[in-house]
Amino acid sequence: MPISDVIERSRSSMAKSVESVQSQLQKIRTGRASGAIVENIRIEYYGSPTPLGQVGAISTPDARTILIQPWDKSTLSAIERAILASDLGLNPNNDGSVIRVPIPPLTEERRKDLVKMCRKIGEEGKIATRNIRRDGIEALKIAEKKEHFSEDDRKRAEEEIQKLTDRYVKDIDSVLAKKEKEIMEE
């Protein structure tokens, strides 16, 4: 495998780690309403667990309310039960045609718990990025023996992978800092 392929594969995988962290952090509730909070809650829909985002329209009419308008009104009670059963601590209001989910302000203790959860997600993303670095360096060592390129080429490629690692870890840190600020400022 050419050196450039190893570096590109590492870069691509590290970028996916950052995207994964961003995606997971979006689902963490802040004091502000966001459809991402509830869109992956699964409800029983015609016998199969289906994400909420696939059974209705989710909108945020204001900063403190999520509005769920199901395409099939018979799913209202299942949606309500699923939101209550989730660990989000939300109390949906079913008015017979839509479900309104008020987002209560966060307590200081809950904010600190959410920040801890965010940091854990961020650390998992950093670990994944470092594992990708390790795998890339291993692939370079194997390729050096098979492809017979110089040790200097391998070391330059390892330095390149280390620079990518540093960059993507820094990206995870900035995404994490932004989310923590968002949680603590409400």
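A: Let's start with a term: two residues are in contact when they have heavy atoms within 4.5 Å. Keep in mind that this is a predicted model.

Q: Okay, which residues is tyrosine 168 in contact with, leaving aside neighbours within four places in sequence?

A: Arg11, Met14, Ala15, Val18 and Thr129.

Q: How do the axes of α1 and α4 cross?

A: The axes of α1 (residues 3-26) and α4 (residues 151-185) come within 10 Å, crossing at roughly 10°. Angles under 35 degrees count as roughly parallel, so that's what α1 is to α4. Among the residues making this contact are Met14 and Val18 of α1, plus Ile161 and Tyr168 of α4. By type, the contact's residues split into 15 nonpolar, four polar and five charged.

Q: And how do I read a nonpolar core?

A: In soluble globular proteins, nonpolar side chains tend to be buried together. Here the largest nonpolar core has 24 residues, and Met14, Ile161 and Tyr168 are among those touching the most other members. Helices α1, α3 (108-147) and α4 each supply at least two of its residues, with α4 giving the most, eight. Another core, of 18 residues, lies apart from it and includes Ile66 and Val101.

Q: What about the sheet: what is its strand order?

A: Strands of a sheet pair through backbone hydrogen bonds, either parallel or antiparallel. This open sheet of four strands runs β3-β4-β6-β5, with antiparallel pairing. Because β3 (56-62) and β5 (93-94) are at the edges with a single partner strand each, one side of each has no neighbour in the sheet. β5 pairs with β6 (residues 99-102) over two bridges, and asparagine 93 sits opposite arginine 100 in β6.

Notes:
Residues numbered from 1 in each chain as written. Predicted model: local features only at pLDDT ≥ 70, side-chain atom pairs only at ≥ 80, totals over all residues. Heavy atoms only, no water. Axes fitted to C-alpha atoms, helices over the stretch in contact; angles between N-to-C directions. Parallel < 35°, antiparallel > 145°, perpendicular 65-115°, else oblique. Nonpolar A, V, L, I, M, F, W, Y, C, P; charged D, E, K, R; others polar. Pairing = 2+ DSSP bridges. Core = buried A, V, L, I, M, F, W, Y, C linked by side-chain atoms within 4.5 Å. Buried < 20%, exposed > 50% of the residue type's maximum accessible area, 1.4 Å probe, protein only.
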